Amino acid sequence: MAIETPTPVPSGTAGPAAVPAPPTLSGRARLVLLVLCAAQFMVALDFSVLNVALPVLGEDLGLSRSGLQWAVTAFALPSGGFLLLFGRIADLYGRRRLFLTGLALFGASSLLATMAWDPASFLAGRALQGLGAAVIVPTGMSLLTTTFPEGPLRERALGISGTLLSLGFTTGMLAGGVLTDTLGWRSTMGLLSVAAVTVLVLAPKLLTESRTPERPKLDVPGAVTVTGGLLALIYSLSTAAERGFGGTDVQITLVLGVALLAAFVVVESRSAAPLVSLPMLRRRTVAFGNLGGLATFSMMSTIVFVLTLYLQDLLGLSAFGTGLVFGVQGLASVAAGVFAPKVIGRFGARRVLVLSLLGQGLFIGALLGLGEDSGIWLATVAVSLASACHLGAIIAYGLTVTSGVPDEEQGLATGLATTTQQVGLTIGIPLLGVLSTTQGSLFDGVRLVVTAAAVILVATGLVVGAGLRRAA
């Protein structure tokens, strides 16, 4: 097994020696954790590594300014839309098998994006990357939660995974700027291809297959409605961020997305083998935990986005200087990842989730003190402390929504949790981006987004706290 337990103490031994030491990770378990976390880090890196390269990429491939958003949206649509489906398929047909398939698809599509010769080939590569990510994220998380049992071991594993997830997003912004300036934008996609191949070589030797004991039929109507609903909703919000909600396509897809998700709830209530178990959603830990996860991911990604605009366009900070600000943020996340499992072990995941959401909201609210021509130090300190709270919320939310869930339903639970994560990363910027465009200046827009994010986080923290207080 991947877990080492201490040798039992003879019954005749008295005193403190009779208390068994906590279980520790074996060398093989550390390697398994390394492989799974490397895959999650790679996907998080993909979310941000291309951001600073977009202007150069557009000029090289002939992609218009309005079309640049699709470099991000083409990835976000499938990565958010197919997570639940692939999480369930992995439960039924093998998590290891699907995880390896996702890695292969991600590596090949990254190579296609690297070698792209026109906008269509590049966007096709990005869409296939997103599809690969939709396979990797839920299967990787379910492999992690089924490998490491509930308790200190899982808390430590999720702590490391959450730290690398947050660090991957920050590292992507730094690496994207350096690679684009030195080797060109194609190197950002090439890096992802190399990373995928590396993990793909190591994974088969370390991971063991797991699936549910039974093989129920796949819930096809549920898969169609939830996937179609998420795709339509993400498309609508992403497009609205660029053109507003006045477009016919935006309005149609928004209504369609809501209708399909409503139909999904009806389908699941009648399905013999539902894609999402409604009794699971009725678990307060799952429902309110995912609400907290949605808020922390969506608001943090939005604040990073608007702060990038503020630092470069208003304060005139260089890309390298902006990278240093987010580098400090990354260090704060790493530190939080080290201490969060210990804090959770003492106070409990639910309490830490609530306090982290409240802290994240308060530190983001401190950004209202930014000025039109000064505020670098305030931005650095406030966003770093907010990121530390954000990391605590990520780990606590992962533990909250998976605790008490049997192994055969871990794919469902982690698929739902990672869908929340991906949708949160996707919808935050479009939703609040629309708010920022209603203001007369960038500075006013930044202040409005900061205010909205702080209020949403504090309100969510209070709601989650009230909901989890009643959980069994």
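Mentor: Start with a helix pair. The axes of α12 and helix α17 (residues 442-469) come within 9 Å and cross at roughly 165°. This is a predicted model, where local features need pLDDT of at least 70, side-chain atom pairs count only at pLDDT 80 or more, and totals for chains, interfaces and linings use all residues. Residues are numbered from 1 along each chain as its sequence is written, and side-chain values use heavy atoms, with hydrogens and water left out.

Trainee: Why is α12 called roughly antiparallel to α17?

Mentor: Set the angle against the cut-offs. Under 35 degrees is roughly parallel, over 145 roughly antiparallel, 65 to 115 roughly perpendicular, and the rest oblique. The axes cross at roughly 165°. That makes α12 roughly antiparallel to α17. The axes are lines fitted to C-alpha atoms, for helices over the stretch in contact, and angles run from 0 to 180 degrees between N-to-C directions.

Trainee: What is the handedness of the crossing of α12 and α17?

Mentor: α12 passes α17 in a left-handed crossing. The term means that the near helix is turned anticlockwise from the far one by less than a right angle; clockwise would be right-handed.

Trainee: What residue classes make up the contact of α12 with α17?

Mentor: The contact has 20 nonpolar, six polar and two charged residues. Ala, Val, Leu, Ile, Met, Phe, Trp, Tyr, Cys and Pro count as nonpolar, Asp, Glu, Lys and Arg as charged, and the others, Gly among them, as polar.

Trainee: How do you know that α14 and α15 are roughly antiparallel?

Mentor: The axes of helix α14 (residues 349-365) and α15 come within 8 Å and cross at roughly 155°. α14 and α15 are therefore roughly antiparallel to each other. α14 also passes α15 in a left-handed crossing. On the α14 side, the contact includes L353, G359 and F363; on the α15 side, it includes A386, H390 and Y397. The residues of this contact divide into 13 nonpolar, six polar and one charged.

Trainee: How many aromatic pairs are there?

Mentor: The structure holds two. Rings of Phe, Tyr and Trp (its six-membered ring) pair if their centres lie within 6.5 Å; planes under 30 degrees apart count as stacked, over 60 as edge-to-face and the rest as tilted.

Trainee: What makes the pair of F122 and W185 edge-to-face?

Mentor: The ring centres of F122 and W185 are 5.5 Å apart and their planes are at 90°, so the pair is edge-to-face. F122 lies in helix α6 (residues 119-147) and W185 in the loop between α7 (152-182) and α8 (186-206), so the pair ties together parts that are 63 residues apart in sequence. F122 and W185 are both buried.

Trainee: And what of F297 and Y397?

Mentor: F297 and Y397 form an edge-to-face pair, 6.0 Å centre to centre and with 75° between the planes. F297 lies in helix α12 (residues 284-314) and Y397 in helix α15 (residues 376-402), so this pair ties together parts that are 100 residues apart in sequence. F297 and Y397 are buried.

Trainee: Why is L50 called buried?

Mentor: Buried means under 20% relative accessible area, exposed over 50%, and partly exposed in between (1.4 Å probe, protein chains only). L50 has 2%, so L50 is buried. L50 sits in the loop between α1 (27-48) and α2 (54-61). Leaving out residues up to four places away in sequence, L50 touches L57, A71, F122, R126, T188 and M189. Contact means heavy atoms within 4.5 Å.

Trainee: Is T114 buried or exposed?

Mentor: T114 has 16% relative accessibility, so T114 counts as buried. T114 is in helix α5 (residues 95-114). Beyond residues up to four places away in sequence, T114 touches R186, M189 and G190.

Trainee: Is D181 buried or exposed?

Mentor: D181 has a relative accessible area of 68%, so D181 is exposed. D181 is in helix α7. The C-alpha atoms of D181 and A53 are 8.8 Å apart, while the two residues are 128 residues apart in sequence.

Trainee: What does the whole protein look like in numbers?

Mentor: The secondary structure comes to 17 helices and two strands. Helices (H or I, at least four residues) and strands (E, at least two) are DSSP runs, numbered from the N terminus. Buried residues make up 55% of the 472 residues.
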